[in-house]
Amino acid sequence: GYTHAERVALLESTGSAVFRLGRPQSFAAIDETIRRLGVALGARERAHALRTRIEEQLETVARSVAGRPRPRVLFLSWAGYTSGPGTLLDEMIERSGGYNVARDAGIEGTMPLSLELALSLRAEAVLTTGGAPGSADSEPGLRRDPRWSQLDAVQSGRLFALDGALALSTSHHAARAVTQIAAWLHPENGP
């Protein structure tokens, strides 16, 4: 994980309260994490309000994409990885009214993705976290790269760069990512 056992032990030895959290890989896990933090911090009401706001955001998106065709979506990280079932990104794509094509490849969790496999998945939209501005792994860089520009989604202008903080967030901010992705996948729904 992100925290070394030695550092945790050092904190505990000072008498400091240590609250361990995992890395939530679903909205249910985010909800539970917020609930637990609310209890631990004596902020149950604030945690409840935040949990309610997240649920309302997700329900609003669900209503807006209900009955709509589900575009085939590929998530491509700046490092060449994709995410399948068992990840928050998979759930974000699904809740946004898309279909995560990593499922077709049997990808579970987060795994590297070859160009050949990416091409075979026939994505109608590609989500990326971008990368360093102007670099080969940024949105414009992917558009210019002759390898990735072969993807139909890139050729048709359906390459979307999601703010990395939203795409990789395992917090309440992930609900904002769902709203953004849904707006890209279903522009007919308006702002």
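**Figure 1. R122, an exposed loop residue.** R122 is exposed, with a relative accessible area of 55%. The cut-off for exposed is over 50%, so R122 falls in that class. This arginine sits in the loop between α5 (115-120) and β5. The model shown here and in the other views is predicted. The phi of R122 is near 55°, a positive value in a residue other than glycine. Most residues other than glycine have a negative phi.

**Figure 2. Confidence along the chain.** The protein chain has an average pLDDT of 87. A score of at least 70 is reached by 91% of the residues. Which element has the highest mean pLDDT, and which the lowest? Strand β3 has the highest, at 98. Helix α6 (residues 139-144) has the lowest, at 66. Over residues 132-137 the pLDDT stays under 50. For that stretch the model has 12 contacts beyond four places in sequence.

**Figure 3. The four-stranded sheet.** Four strands form an open sheet in the order β3-β1-β5-β6, with parallel pairing. β3 and β6 (159-161) stand at the edges. Each has a single partner strand, so one side of each is left without a neighbour in the sheet. Helix α9 (residues 174-185) packs on the sheet and touches β1, β5 and β6. The direction of α9 makes about 150° with that of β5. Strands of a sheet pair through backbone hydrogen bonds.

**Figure 4. Strand β1 and its two partners.** β1 pairs with strand β3 (residues 99-100) in the parallel sense, over two bridges. R72 stands opposite Y99 in β3, and V73 stands opposite N100. With strand β5 (residues 125-128), β1 is joined by four bridges, and these two strands also run parallel. Here L76 stands opposite T128. Is β1 covered on one face or on both? Both faces are covered. R72, L74 and L76 are buried on one side, and V73 and F75 are buried on the other. That is five of five residues in β1.

Figure 5. S77 lies in the loop between β1 (72-76) and β2 (81-83). Why does S77 count as buried? Its relative accessible area is 14%, and buried means under 20%, so S77 falls in that class. Leaving aside residues up to four places away in sequence, S77 touches T128 and T129. T128 is also the residue of β5 that stands opposite L76.

**Figure 6. Helix α4 and the glycine after it.** Helix α4 (residues 88-95) is mostly covered, with six of its eight residues buried. The buried residues are L88, L89, D90, E91, M92 and I93. Just after the helix, G97 takes a positive phi of about 90°.

**Figure 7. The packing of α2 on α3.** Helix α2 (residues 27-40) and helix α3 (residues 44-65) pack at an angle of about 165°. Their axes are 7 Å apart. α2 passes α3 in a right-handed crossing. From α2, the residues in the contact are F27, D31, I34, R35, G38 and V39. They meet R44, A47, L50, R51, I54 and L58 in α3.

**Figure 8. The packing of α3 on α9.** α3 and α9 pack at an angle of about 15°, with their axes 9 Å apart. The two helices are therefore roughly parallel to each other. Their crossing is left-handed. On the α3 side, I54, Q57, L58, V61 and V65 make the contact.

**Figure 9. R23 and S169.** R23 is found in the loop between α1 (5-13) and α2. R23 is partly exposed, with a relative accessible area of 39%. How far apart are the C-alpha atoms of R23 and S169? They are separated by 9.6 Å, while the two residues are 146 residues apart along the chain.

Conventions:
Residues are numbered from 1 along each chain as its sequence is written. This is a predicted model: local features need pLDDT of at least 70, side-chain atom pairs count only at pLDDT 80 or more; totals for chains, interfaces and linings use all residues. Side-chain values use heavy atoms; hydrogens and water are left out. Buried means under 20% relative accessible area, exposed over 50%, partly exposed in between (1.4 Å probe, protein chains only). Contact means heavy atoms within 4.5 Å. Two strands pair if DSSP finds at least two bridges between them. pLDDT is the predictor's confidence in each residue, from 0 to 100. Axes are lines fitted to C-alpha atoms, for helices over the stretch in contact, and angles run from 0 to 180 degrees between N-to-C directions. A crossing is left-handed if the near helix is turned anticlockwise from the far one by less than a right angle, and right-handed if clockwise. Angles under 35 degrees count as roughly parallel, over 145 as roughly antiparallel, 65 to 115 as roughly perpendicular and the rest as oblique.
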